[in-house]
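I opened my notebook to get to know a new structure. Here is the model I was looking at.

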Amino acid sequence: MPKTKLQNVIFTLIMAFVMVYAMVCYNISIDKGGMSNQIFLLAFYEMPIMWPAAFILEFFVVEKLSKFLAFRIVSPTDKPIFIILAISSMIVCLMCPSMSFIATVLFKHPGKEIIAVWLQTTAMNFPMALCWQIFFAGPLVRNVFGKFVK
């Protein structure tokens with residue numbers, strides 16, 4: 001895990017990229033009616049908007065709030081895995097609705113149905129975001145980051 005401010009910036013940039021790319025692919029595949037190889041390339045068109053948005057939101061707002069919420073469930077003396085899972089879960093609980101709102105406004109053209117479309121988008125994104133974060137992105141990024149920061 002990051003120990004310095006610079007390490008935290010790098011870690012957050014990598015995590016935001018991995019999460020946003022996967023979630024953009026997921027949302028495009030839903031929009032297109034299924035997954036195809038083309039979706040992996042199409043996702044890069046949304047990345048210049050969604051990746052910085054996720055980084056800024058996570059780094060300046062969600063990180064502190066998620067730790068505050070997580071430590072209402074776990075304590076600093078608990079096993080590290082429980083702390084990681086609590087923080088990761090709280091990050092998803094905060095980031096998923098926020099990023100779903102940004103995506104709804106920018107890409108879904110909801111018109112007067114903005115609340116309904118946002119709630120549907122969030123409900124569809126949440127299970128994917130939570131599973132992707134807990135089982136894939138989180139372990140992958142922590143492992144890669146740990147190899148470079150020794």
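**Ground rules.** I worked with a predicted model, where local features need pLDDT of at least 70, side-chain atom pairs count only at pLDDT 80 or more, and totals for chains, interfaces and linings use all residues. Residues are numbered from 1 along each chain as its sequence is written, and side-chain values use heavy atoms, with hydrogens and water left out.

**Ring pairs.** I looked up the aromatic pairs and found eight in the structure. Rings of Phe, Tyr and Trp (its six-membered ring) pair if their centres lie within 6.5 Å; planes under 30 degrees apart count as stacked, over 60 as edge-to-face and the rest as tilted. F17 and Y21 are a stacked pair, with 6.1 Å centre to centre and 5 degrees between the planes. I found both in helix 1 (residues 5-32), four residues apart, which is about one turn of the helix. Helices here are DSSP runs (H or I, at least four residues), numbered from the N terminus.

I then checked exposure, where buried means under 20% relative accessible area, exposed over 50% and partly exposed in between (1.4 Å probe, protein chains only). Y21 counts as buried at 17%, while F17 is partly exposed at 29%.

My next pair was F101 and W118, edge-to-face at 5.8 Å centre to centre, with 90 degrees between the planes. F101 sits in helix 3 (residues 80-107) and W118 in helix 4 (residues 114-148), so this pair ties together parts that are 17 residues apart in sequence. F101 is partly exposed at 37%, and W118 is partly exposed at 22%.

I also noted one aromatic cluster formed by F17, Y21, F44 and W51.

**Helix packing.** How do helix 1 and helix 2 pack, and at what angle? Helix 2 covers residues 37-70, and the two pack at about 135 degrees with their axes 7 Å apart. Axes are lines fitted to C-alpha atoms, for helices over the stretch in contact, and angles run from 0 to 180 degrees between N-to-C directions. That makes helix 1 oblique to helix 2 (under 35 degrees is roughly parallel, over 145 roughly antiparallel, 65 to 115 roughly perpendicular, the rest oblique).

**A loop residue.** I finished with I73, which lies in the loop between helix 2 and helix 3. I73 counts as exposed, at 60% relative accessibility. I73 and A86 are 13 residues apart in sequence and 7.3 Å apart in space, C-alpha to C-alpha.
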